[in-house]
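Hi,

Here is the structure I promised to pass on.

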Amino acid sequence: CYSGCVIPKDEMIKKIGNSAFANREDISDIVIPNGVEEIGISAFNNCINLETIHIPGSVLKIGNSAFCGCENLTEIKLPSSISSIDHFTFFNCSNLLFFTITESINSLYA
């Protein structure tokens, strides 16, 4: 992935697996393709240089601690398709300044 990480556009990919990109210091930007429905538990946990992530409208769920410790993440826009954000999703995202959610969010544990 290196600094910019584009997850392959494969119609078979429905979930970013648990801890799939955890502890990667070489990632600064993530593009999740349309069709992915879930971001797994700790999927991007401690990606300390992650600054931006593009989440498509196909994503329905973000797992526990998915972005925990992404201390350089500054902004996130969540699509209206997401109804729930699990515990510690954005814990220790100390530079997260802009967090845009929609009225579709029924439960927020971030």
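Let's start at Lys 61, which is partly exposed at 36% relative accessibility (buried means under 20% relative accessible area, exposed over 50%, and partly exposed in between, with a 1.4 Å probe and protein chains only). Before going further: this is a predicted model, where local features need pLDDT of at least 70 and side-chain atom pairs count only at pLDDT 80 or more, while totals for chains, interfaces and linings use all residues. Residues are numbered from 1 along each chain as its sequence is written, and side-chain values use heavy atoms, with hydrogens and water left out.

Lys 61 forms a salt bridge with Asp 86, with 3.6 Å between the closest N and O atoms (a salt bridge is a side-chain nitrogen of Lys or Arg within 4 Å of a carboxyl oxygen of Asp or Glu). Asp 86 sits in the loop between strand 8 and strand 9 and Lys 61 in strand 6, so this pair ties together parts 25 residues apart in sequence (strands, E, of at least two residues, are DSSP runs numbered from the N terminus). Asp 86 is buried, at 14%.

How many salt bridges does a search of the whole structure find? Three. Another one joins Glu 38 and Lys 15, at 3.8 Å from N to O. Glu 38 is in strand 4 (residues 38–39) and Lys 15 in strand 2 (residues 15–16), so parts 23 residues apart in sequence are tied together here. Glu 38 is partly exposed at 24%, and so is Lys 15 at 39%. Then there is Asp 26 with Arg 24, whose closest N and O atoms are 2.9 Å apart.

Now the rings. The whole-structure search gives four aromatic pairs (rings of Phe, Tyr and Trp, the last by its six-membered ring, pair if their centres lie within 6.5 Å; planes under 30 degrees apart are stacked, over 60 edge-to-face, and the rest tilted). Phe 67 and Phe 90 are stacked, because their ring centres are 5.5 Å apart and their planes at 5°. This pair links distant parts of the chain, 23 residues apart: Phe 67 is in the loop between strand 6 (61–62) and strand 7 (75–77), Phe 90 in the loop between strand 8 (84–85) and strand 9 (98–100). Phe 67 is buried at 0%, and Phe 90 is buried at 7%. Phe 88 and Phe 91 make an edge-to-face pair, 5.5 Å centre to centre with 85° between the planes. Ring pairs also link Phe 21, Phe 44, Phe 67 and Phe 90 into a cluster.

Phe 67 turns up again in the largest nonpolar core, which has 25 residues; it is among those with the most contacts inside it, as are Ile 39 and Phe 44 (a nonpolar core is a set of buried Ala, Val, Leu, Ile, Met, Phe, Trp, Tyr and Cys residues joined through side-chain atoms within 4.5 Å).

Ser 58, in the loop between strand 5 and strand 6, is buried at 15%, and its side chain makes a polar contact of 3.3 Å with the side chain of Asn 34.

Cheers

Terms used:
Helices (H or I, at least four residues) and strands (E, at least two) are DSSP runs, numbered from the N terminus. A polar contact is a pair of N or O atoms within 3.5 Å; within protein, one must be able to donate a hydrogen and the other to accept it, and residues adjacent in sequence count only if both atoms are side-chain atoms.
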